[in-house]
Structure formats: C-alpha cells, structure tokens
Amino acid sequence: MRVDFTKMHGVGNDFVVFDALAGRPPLTAQVLRRLADRHTGIGFDQALVLEAARRPDSAVFYRVFNSDGAEVEQCGNGARCIAALLHRRGRTADGAITLDSPAGPIRARMESGNVVAVDMGVPNFDPRSLPFDAPGEADPYALQVGAEVLEIGAVSVGNPHAVLTVPAVDTAPVERLGPAIEGHRRFPQRVNAGFMEITDRSHIRLRVHERGAGETLACGTGACAAVAVGRRRGRLDSEVRVSVRGGELRVNWGGPGERIWLTGPAEISFEGHVEV
C-alpha cells in the first residue's frame, strides 16, 4: 500500500504527517516503528495522523504516535505543524484554525513568516490528571529513583510531564534519569521528563526525554510544562523564552487557571510517499 506523507519539524522536533484515507486500514504500531527508524525508514519523533473532523467547529481530528508506535494524547509542536500544513492547504480563516485531538480542541493562529501559536489549554496540576501516584497535589514531589531522591514538579498539558530544575542542562543526566523517570512505577502511563535550567525570569533552557521517543531536539508541551512549573513557583514571568537544542520557543502563561500559549516556527522539510 502506497502512503503519501509530509515531513515537518518545529525547532528540530520532527514529524511525519499522514492523511488517514477512508477504506484503508490504519498504520500499525509495527509499521510506525519501522518508518520511524532513521537508518532504514523515514525517521521521526512522532507520526501525526489527520482524520475527518469530529466536531463542527474544528478542521481536523489528529492522532499522535511516538516513534515506538504507541499512541499518546497530545503534542504541542505537532499541533503547530498541523496548523501550518492546513494553512498551506488553504484551510485557515484569517490565519486562525481550530484542531481537535484526543486531549481536546486546540486553537491555533498563524503569525509572521512560518511562526505558529497554539493554545494548549489550562495546565492541570492534579496528580490524577497525569496520572501520578500521589496522595494529593503538592510541589515539589519527592521521587525515589534508585538511590537518589529527586524533587519534581508534575503537570499535565494534555499529556503528562515531570519537571526537574537543574543547575545546567548541558551537564544534566538526561540519558540516565530520563528513562528511569519515564518508566517509574508512580507514572502508570509513563511520563515525559523535562530538565529545566532557569537563567532569568524570562528565559529558561530545557532538555526533554519524551516517553516513547527518547530525548528530542524540542518538546512543545514540555516547554509549556516547564514554564508552568517555574511560574507557579514564582520564579518566571508571564512570557518566557525557552531555549531547546533545536532552537527557541516562546511560552505565555498568566498563571493558575489561565490558558497557556506555545509559539514558534513550523516548517515543511519535504513530501514523499512510502510503501507499507
């Protein structure tokens, strides 16, 4: 079966976008894992599958699959790339569009050039929303990882995130702690692990080990989660530059109960087709 695709990225967080076609079987986890391989497949952090809209006020329903083939709830940079692709296809009205996802509707707006902003909803600090095994909401939480006790913030931005504050992201033990946090028994559905360095009130540096994908060059929901945790602690302003390994994102959040916005570039790398 021949399948057309569009390869895209948001500050290095890369995606393959597929249009789900009526009458064709969905791509299996095994096929997605094969396509995700950067040596023998297309290579991607996440696959985004566009389906027919399920809500009258949305343009499309999208599904997100990590490179290990597992489906997840949300992807901030992926949402920005989908909005940019639909804008290119003439699907936006005055540069604005509403998308739908397993985590709920997402509003997007096109800004200058290739920059796209998305409304990622209200950050949820209730541990049940991740889910995270904790007796109640707290900050920070103590998380036992091997012989270490880590202090983490935990928040859902449509998907689950654990955030550690580190002195310097360049030397943060992402390779060692990332997988251990991702698969920790207190996160029954696994978790994304963010390592945040606060440089000043309007700027952080960030690395994220994504569940099912490993460390990526950027993570949009991870950027939102880190800013939400830092701002809730009184250490960040309402607008924050987030430097990631693939470039820079911007996060705007007024505070608890407010909606959080993620802004950054979204680019098409190439288009093609593959036999599956």
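I began with Gly-272, which is partly exposed, with a relative accessible area of 24%. My cut-offs, using a 1.4 Å probe and protein chains only, are buried for under 20% relative accessible area, exposed for over 50%, and partly exposed in between.

A note on what I'm looking at: this is a predicted model, where local features need pLDDT of at least 70, side-chain atom pairs count only at pLDDT 80 or more, and totals for chains, interfaces and linings use all residues. Residues are numbered from 1 along each chain as its sequence is written, and side-chain values use heavy atoms, with hydrogens and water left out.

**Entry 1: Gly-272**

I found Gly-272 in strand β18. Strands are DSSP runs of E with at least two residues, helices are runs of H or I with at least four, and the numbering starts from the N terminus. What does Gly-272 touch, not counting residues up to four places away in sequence? I got Val-3, Asp-4 and Phe-5. Contact here means heavy atoms within 4.5 Å. I also checked Ala-52, which is 220 residues from Gly-272 in sequence and 22 Å from it in space, C-alpha to C-alpha.

**Entry 2: Ser-156**

Buried or exposed, I asked of Ser-156? Ser-156 is buried, at 9% relative accessible area, and it sits in strand β10. Its side chain reaches the backbone nitrogen of Gly-158 at 3.3 Å. Leaving out residues up to four places away in sequence, Ser-156 touches Val-122, Pro-123, Asn-124, Ser-129 and Leu-130.

**Entry 3: Met-110**

Met-110 belongs to strand β7, residues 106-110. Beyond its neighbours within four places in sequence, Met-110 contacts Ala-83, Ala-84, His-87, Gly-95, Val-115 and Val-116.

**Entry 4: helix α1**

Which residues of α1 (29-36) are buried? I listed Val-31, Leu-32, Leu-35 and Ala-36. Down the axis of α1, these buried residues fall within an arc of 135 degrees, so they line one face of the helix. The arc is taken from the directions from the helix axis to the C-beta atoms. I jotted down the general rule too: an α-helix has 3.6 residues a turn, so residues three or four places apart point the same way. The cover over the buried residues of α1 includes β2 (13-19), β3 (46-51), β4 and β18 (267-275).

On a 1 Å grid over the protein atoms alone, a cavity is a set of points where a 1.4 Å probe fits but cannot get out; a pocket is an open set with protein on both sides within 12 Å along at least five of seven lines; lining residues have an atom within 4 Å of a point. Points join across faces, edges and corners, and a volume is the space filled by probe spheres set on them.

The largest pocket is about 270 Å³, and β2, β3 and β4 each give two or more residues to its lining. There are 15 lining residues, with Ala-20, Pro-25, Pro-26, Leu-27 and Val-49 nearest the centre. I sorted the lining into 11 nonpolar, no polar and 4 charged. Nonpolar covers Ala, Val, Leu, Ile, Met, Phe, Trp, Tyr, Cys and Pro; charged covers Asp, Glu, Lys and Arg; the others, Gly among them, are polar.

How many cavities of 30 Å³ or more are there? I counted 2.

Notes
A polar contact is a pair of N or O atoms within 3.5 Å; within protein, one must be able to donate a hydrogen and the other to accept it, and residues adjacent in sequence count only if both atoms are side-chain atoms.
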